[in-house]
Amino acid sequence: MDVVDLARTQFAVTGSLHFLFVVLTLGLAPLVAIMHTRYAIGGNPLHERMTRFWGQIYVINYALGIVTGLVMEFQFGLSWSGLSHYAGDVFGAPLAMETLLAFFLESTFLGLWIFGWHRLPRALHVACIWLVTLTAYASALFIMVANSFLQNPAGSAEVGGRLVLRDFGALFTNPTLVFALPHVLSAGLWAGGFVVMGASAYHLFRRTPEREFFIRSLRIGVLTAFVGSLFTVGFGYAQFGPVGSVQPDKFHGAVPGTALGLMITIGQLVQFAVMFVLTPLLIRDVLARSRWLHPLLMVMTPLPFVAAIAGWIVREVGRQPWLVYGKLSVADALTPGLTRADVTASFAGFAGVLGLLALVDYVLIARAVRRGPGRVVLGAADLPVTAEPAPAHAL
Ligand code: HEM
């Protein structure tokens with residue numbers, strides 16, 4: 001592998017690992033916000049417990065995911081300074097907006113929400129989780145604006161060997177953005193729904209005492225996956241026209257067996273399963289009682305994540321050899337002077353850190369799920385006091 005391919009692989013691996021966190025954040029945030037709103041309106045303690053339980057899963061994923069995002073930003077400077085030099089005046093703005101929204105605003109509102117339990121007025125507290133959702137979605141918008149610009153550098157012109165912004169609005173009406181954004185957001189809902197579904201199936205299978213809690217959660221998970229899958233597939237097919245119009249060669253050879261084939265096959269099969277098997281069984285109240293189905297639901301949980309990574313591979317590989325389509329090649333975007341040894345070292349470091357974070361995320365989420373709603377720390381009113389008074393000699 002030469003240095004360009006190595007740097008590309010590094011970005012693909014770290015980007016895919018980062019996206020695993022993102023897709024779950026996008027799916028869980030609105031679910032937690034809806035649960036919290038129901039609790040705030042109706043005062044049902046079950047809704048409060050659901051908010052705290054699924055909210056804790058969200059917080060774990062967000063806390064680890066944000067670190068993976070930092071690595072992504074860092075790589076632009078490290079490996080792709082040619083991109084910053086050539087297109088930074090356009091590309092940098094949405095990227096900065098994404099960072100400001102995801103990193104600063106979202107974490108601020110999330111912090112207020114986490115520490116606001118039993119402190120903030122109820123309406124204000126609910127507003128915080130909706131603002132978390134809004135900023136998460138806004139940061140998805142800006143990162144997709146930035147990525148769509150790479151797919152099709154709309155709204156820009158080349159002046160003095162660099163791209164400058166000519167039409168800000170064109171960044172948002174980019175044909176490679178308009179259906180891709182809802183495709184990604186609904187893929188997030190699908191993934192969030194599947195995590196809630198899989199975790200609930202686990203508890204129902206193990207016959208833990210929290211039956212009512214997990215029957216309701218299972219219902220939310222399957223219905224969310226139903227809505228998410230409908231829109232994901234709809235907007236997935238809708239992308240072919242606009243994307244094909246600006247990148248005519250992208251989907252050539254797009255048959256089952258390629259990356260695109262994997263995404264569509266998983267997407268289509270699972271969507272049919274959700275629509276024509278799981279949802280009817282749910283409506284007839286059979287799903288929660290059919291214990292033999294629960295392991296199947298658990299095994300299905302990772303599928304939207306696999307499809308989402310396949311989706312990104314389609315989008316990015318299909319743009320090669322360009323980094324900014326038709327304007328700047330990947331080879332020209334590479335930082336001058338980078339050696340194979342440099343990239344190998346950063347690749348090993350980043351992939352190691354991100355892989356570890358993904359593993360820790362999985363372990364912590366699995367542990368929180370296994371412990372169940374009875375041992376949730378988030379929002380607990382009666383947290384045990386663990387800090388002992390300091391001994392006199394330490395003062
Ligand atoms: C029948 C099902 C599906 C179809 C027809 C479809 C279609 C597409 C197409 C054409 C692209 C590439 C767009 C481009 O290159 O600009 C894409 C990308 C993508 N897909 Fe799918 N897809 C399907 C299912 C799924 C599923 C199930 C997921 C995840 C749950 C998913 C997640 C993604 C993601 C994250 C991307 C990259 C961002 C984007 O281009 O929107 N797709 N999809």
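**Ligand surroundings**

The model is a predicted one, in which local features need pLDDT of at least 70 and side-chain atom pairs count only at pLDDT 80 or more, while totals for chains, interfaces and linings use all residues. Residues are numbered from 1 along each chain as its sequence is written, and side-chain values use heavy atoms, with hydrogens and water left out.

I then looked up polar contacts, taken as pairs of N or O atoms within 3.5 Å; within protein, one atom must be able to donate a hydrogen and the other to accept it, and residues adjacent in sequence count only if both atoms are side-chain atoms. The side chain of R315 places an N or O atom 2.9 Å from an oxygen atom of the ligand. For Q239, the separation between a side-chain N or O atom and a ligand oxygen atom is 3.3 Å. H183 has a polar side-chain atom 2.8 Å from a nitrogen atom of the ligand.

**Iron site**

Which protein atoms are donors to the iron atom of the ligand? I found NE2 of H183 and SD of M263, lying 2.1 to 2.4 Å from the iron. H183 belongs to helix α7 (residues 180–206) and M263 to helix α9 (residues 259–283), so the pair ties together parts that are 80 residues apart in sequence. Donors here are N, O and S atoms within 2.8 Å of the metal (3.2 Å for Na, K and Ca); water is not among the atoms, so sites may look incomplete.

I noted the arrangement as octahedral because the 6 donor atoms around the iron subtend angles of 84 to 179 degrees. Six donors count as octahedral if opposite donors are over 155 degrees apart and all others between 65 and 115.

The cut-offs are under 20% relative accessible area for buried, over 50% for exposed, and partly exposed in between (1.4 Å probe, protein chains only).

**Serines in helices**

S200 also lies in helix α7; helices (H or I, at least four residues) and strands (E, at least two) are DSSP runs, numbered from the N terminus. S200 is buried, at 0% relative accessibility. Not counting residues up to four places away in sequence, S200 touches W54, F214, S217 and L218, where contact means heavy atoms within 4.5 Å. From S200 to A93 I recorded 41 Å, C-alpha to C-alpha, for a pair 107 residues apart in sequence.

S346 sits in helix α13 (residues 340–371) and is buried, with a relative accessible area of 14%. Neighbours within four places in sequence aside, S346 is in contact with Q10 and L78.

**Backbone entries in loops**

R207 is exposed, with a relative accessible area of 61%.

D285 likewise is not a glycine, and its phi is positive at about 65 degrees. I located D285 in the loop between α9 and α10 (294–300), partly exposed at 42% relative accessible area.

Where does P321 lie? P321 is in the loop between α11 (303–317) and β3 (322–324). The peptide bond from Q320 to P321 is cis, with omega near 5 degrees.

How values were computed. Tetrahedral: all angles 85-135°; square planar, octahedral: opposite > 155°, others 65-115°.
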